[in-house]
Amino acid sequence: MLQEDEPNLNAILETVTHDGERSVMAQRYIPEIRNGDKRVLLIGGAAVPYALARIRGRERRAATSPPRHRPRPAAVGLRPRHCEALAPTLAARGLLLVGLDVIGDYLTEVNVTSPTCFVEIREQTGFDVASMFVDALEKAVAR
């Protein structure tokens, strides 16, 4: 994490980009990451009724890295507008399964290739995410 007035910014950027030969991605620090991020799953244009709150402790990165971080479930209702706004558009584009990552009030990532957390949500809440996915898949195939 860098501060705005980082005196070694140029040297750090040169190092991580291999003198501009490699791309890097950075985002503004969102202080709410101390409370973790949430993975919200959208299946067939509907939100799974549980999100997974991923709490890191002192870690500043948001990605789940088992076994170091054990996510815990949280109600989706904490940030429903992210789901409500994106779910229909993503489904209309043929994206049957999407994982949204939310930190505080910010949508930080839209995962379309590896939206994980089926198992963790089932284990911790009893909600069968896989069945919801199979139902949506059967409905999509029948169209």
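Me: Buried means under 20% relative accessible area, exposed over 50%, and partly exposed in between, with a 1.4 Å probe and protein chains only; how does Y50 count by its relative accessibility?

Reply: The model is predicted, so local features need pLDDT of at least 70 and side-chain atom pairs count only at pLDDT 80 or more, whereas totals for chains, interfaces and linings use all residues. Residues are numbered from 1 along each chain as its sequence is written, and side-chain values use heavy atoms, with hydrogens and water left out. Y50 has a relative accessibility of 32%, and therefore counts as partly exposed. F127, with a relative accessible area of 25%, is also partly exposed.

Me: How many aromatic pairs does a search of the whole structure find?

Reply: Rings of Phe, Tyr and Trp (its six-membered ring) pair if their centres lie within 6.5 Å, and planes under 30 degrees apart are stacked, over 60 edge-to-face, the rest tilted. The search of the whole structure finds two such pairs. Y50 and F127 make up a tilted pair, with 6.3 Å from centre to centre and 55° between the planes. This pair links distant parts of the chain, 77 residues apart, since Y50 is in strand β3 (residues 50–54) while F127 is in the loop between α3 (118–125) and α4 (129–142); helices (H or I, at least four residues) and strands (E, at least two) are DSSP runs, numbered from the N terminus. F118 and F133 have ring centres 6.0 Å apart and planes at 65°, so their pair is edge-to-face. Because F118 lies in helix α3 and F133 in helix α4, the pair ties together parts that are 15 residues apart in sequence. F133 is partly exposed, at a relative accessible area of 21%.

Me: Which residues line the largest cavity?

Reply: On a 1 Å grid over the protein atoms alone, a cavity holds points where a 1.4 Å probe fits but cannot get out, a pocket is an open set with protein on both sides within 12 Å along at least five of seven lines, and lining residues have an atom within 4 Å of a point. Points join across faces, edges and corners, and volume is the space filled by probe spheres set on them. The structure holds one cavity of 30 Å³ or more, and the volume of the largest cavity is about 40 Å³. Its lining consists of L42, I43, G44, G45, A87, L90, A91, L95, L96 and V98. While β1 (37–43) and α2 (80–92) each supply at least two residues of this lining, α2 gives the most, with three. The lining has eight nonpolar residues, two polar and no charged, where Ala, Val, Leu, Ile, Met, Phe, Trp, Tyr, Cys and Pro are nonpolar, Asp, Glu, Lys and Arg charged, and the others, Gly among them, polar.

Me: What lines the second largest pocket?

Reply: The second largest pocket holds about 180 Å³ of space, and its lining residues include I43, A91, D135, K139 and R143. Helix α4 contributes the most to this lining, with four residues, and the lining divides into six nonpolar, two polar and three charged residues.

Me: Where is H18, which has a positive phi although it is not a glycine?

Reply: H18, with phi of about 55°, is found in the loop between α1 (9–16) and β1, and it is partly exposed at 46% relative accessible area. C117, a residue other than glycine, has a positive phi near 110°; C117 lies in the loop between β6 (106–111) and α3, and at 6% relative accessibility C117 counts as buried.
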